[in-house]
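Q: Hey, can you walk me through this one? I'm new to it and would like to start with the pocket.

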Amino acid sequence: MTPFTQNVIEIIRNIPEGKVMTYGQIAGLAGSPRAARQVVRILHSMSKKHRLPWHRVINAKGQIALQDDESYHDQLLSLEAEGIDVGLNGVIDLIKYQWNPSIQELQSDDNFLI
């Protein structure tokens with residue numbers, strides 16, 4: 001597993017209940033600011049194996065980005081169950097719900113490699 005992939009997994013694993021992060025935000029904190037699509041791939045391929053709270057990751061516009069109706073509704077219901085208000089078109093208020101950890105917070109996790 002690459003250090004970037006390991007960092008992405010650790011960041012997602014640590015998103016607190018009731019908070020969200022964006023794909024690009026995670027990519028930047030993991031060490032590759034332009035790798036948002038790579039974060040999508042990691043989520044798609046490793047969420048079940050690593051029991052990641054995949055539903056807490058949204059796009060830069062603050063929206064649920066999933067196109068599949070079933071997955072979209074799973075994410076919507078999971079976020080609402082954590083107390084996150086989801087508006088029309090799956091929009092989430094990033095000012096209210098976005099988690100912004102510092103790099104120092106992440107580095108305190110022994111599994112974070114940067």
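Q: What volume does the largest pocket have?
A: About 480 Å³. The pocket is lined by 19 residues, and the closest to its centre are Leu-43, His-44, Ser-47, Trp-54 and Leu-66.

Q: And which elements give two or more residues to that lining?
A: Those are α3, residues 36-50, and α4, residues 69-81. The largest share comes from α3, with 8 residues.

Q: OK, new topic. Where is Gln-98?
A: Gln-98 is in a loop, between α5 (94-97) and α6 (103-107).

Q: Which residues does Gln-98 touch, leaving out those up to four places away in sequence?
A: Gln-98 touches Lys-19, Val-20, Thr-22, Gln-25 and Asp-93. With one of these, Gln-25, there is also a polar contact from side chain to side chain, at 2.8 Å.

Q: You said predicted. Where is confidence lowest, and where is it highest?
A: Lowest in α6, with a mean pLDDT of 70, and highest in strand β1, residues 21-22, at 97. Across the protein the average is 91, and 91% of the residues score at least 70.

Q: How should coordinates be read where pLDDT is low?
A: Not in detail.

Note on methods: Residues numbered from 1 in each chain as written. Predicted model: local features only at pLDDT ≥ 70, side-chain atom pairs only at ≥ 80, totals over all residues. Heavy atoms only, no water. Helix = DSSP H or I, 4+ residues; strand = E, 2+ residues; numbered from the N terminus. Polar contact = N/O pair within 3.5 Å; in protein donor to acceptor, adjacent residues only side chain to side chain. Contact = heavy atoms within 4.5 Å. 1 Å grid on protein atoms, 1.4 Å probe; cavity = no way out; pocket = protein on both sides within 12 Å on 5 of 7 lines; lining within 4 Å. Points joined across faces, edges and corners; volume = space filled by probe spheres on them. pLDDT = per-residue confidence, 0-100.
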